[in-house]
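Hi,

Here is the structure I promised to pass on. Have a look at it first, and my notes come after.

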Amino acid sequence: MTEPAVTASTPTAPTVTVRGATVRLSSATLLHDVSCTAPAGRVTGLIGPNGSGKTTLLSLIARWRAPSTGSVHIDDTRVDSIGRRDYARRVAVVEQHSGTELDLTVEQVVGLGSIPHRGGWASPSAVHDVQPYLRAMGLDDLRLRTWRTLSGGERQKTQVARALAQRPDVLVLDEPTNHLDPAAALDLMDGVRRSGRTTVVALHDLALAAAYCDRLVVLAAGRVVAEGPPEKVLTTALLADVYGLDADVIEHPRTGRPLIVPCGTVR
Ligand SMILES: Nc1ncnc2c1ncn2[C@@H]1O[C@H](COP(=O)(O)OP(=O)(O)OP(=O)(O)O)[C@@H](O)[C@H]1O
């Protein structure tokens, strides 16, 4: 059987919708009736303080956890009705501390992204096919380096390249830039945005969220407290309420996007 080529295809970007999701454990309720939308082909940022529920919400979309009540939908389909293999093809996830037990090279890790489409280990021909994803993340020079020799930022870029190589409809990223230098973080977010995938990304860096996200969902104590375009959501009042941050929000003179200028805290 001829194996399908691994090329950057035009994604069939769907809308992801969370409807009334509550996550209740015996000890605590992590999410309270959360509803939000990640529009098709757009980058939706999840922001909020430590412990506000960002990773928990991503875990519902990744289907690692089921909500106690409520549901998650890809277009009109409930995610719990999608077969496991189909879901593995359609949704790619990069965790905060994604890793690999095996000491693979960068190009082999990125090649793992094609496995849901192939049903087996990436063949040597797949190595050629990972080139566009290596290039998109600026990893050409590192392609033969082994995982354990990589810096934290190089590992993050490799994991995002792997996720893109999966050619998913939906990209779920948990703080993908926390080890990256400023230019690398901008490049990564740019690569994600240009991929055209419906992306849900948890971010602590509000400057990146303002610059690269089409839409923001703000979580506080497991609840959605604001949702919309960055220029509507990122206000001085919201930053004070949610983060306890005393900040001015001005229009970036070159991009027109919100520019957050922290002055201190209001705690
Ligand atoms: N298994 C668990 N049992 C009890 N509490 C939990 C459990 N898992 C997560 N939590 C709590 O749920 C809350 C939300 O956690 P979550 O990891 O979703 O937050 P987050 O917004 O991603 O935080 P951070 O920005 O620090 O990564 C936190 O207070 C966390 O301590």
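Below is what I found, starting with how to read it.

This is a predicted model, so local features need pLDDT of at least 70 and side-chain atom pairs count only at pLDDT 80 or more, while totals for chains, interfaces and linings use all residues. Residues are numbered from 1 along each chain as its sequence is written.

First, the ligand. Its surroundings include Leu-25, Asn-50, Lys-54 and Thr-56, where a residue is near if its C-beta atom, placed from the backbone, lies within 6 Å. Helix H1 (residues 54-62) gives the largest share of that shell, three residues; helices (H or I, at least four residues) and strands (E, at least two) are DSSP runs, numbered from the N terminus.

Then the sheet. Six strands form an open sheet with mixed pairing, in the order E6-E7-E8-E3-E9-E10; two strands pair if DSSP finds at least two bridges between them. At the edges sit E6 (91-94) and E10 (223-228), each pairing on one side only. Strands E3 (residues 43-47) and E8 (residues 198-202) run parallel and are joined by four bridges, and Leu-46 has Ala-202 in E8 as its bridge partner.

Most residues other than glycine have a negative phi. Asp-33, in strand E2 (residues 29-38), has a positive phi near 50°, and Arg-63, in the loop between H1 and strand E4 (69-74), has a positive one near 70°. Arg-63 counts as partly exposed because it has 17 C-beta neighbours inside 10 Å (buried is 20 or more other C-beta atoms within 10 Å, exposed 12 or fewer, partly exposed in between, with C-beta atoms placed from the backbone).

Cheers
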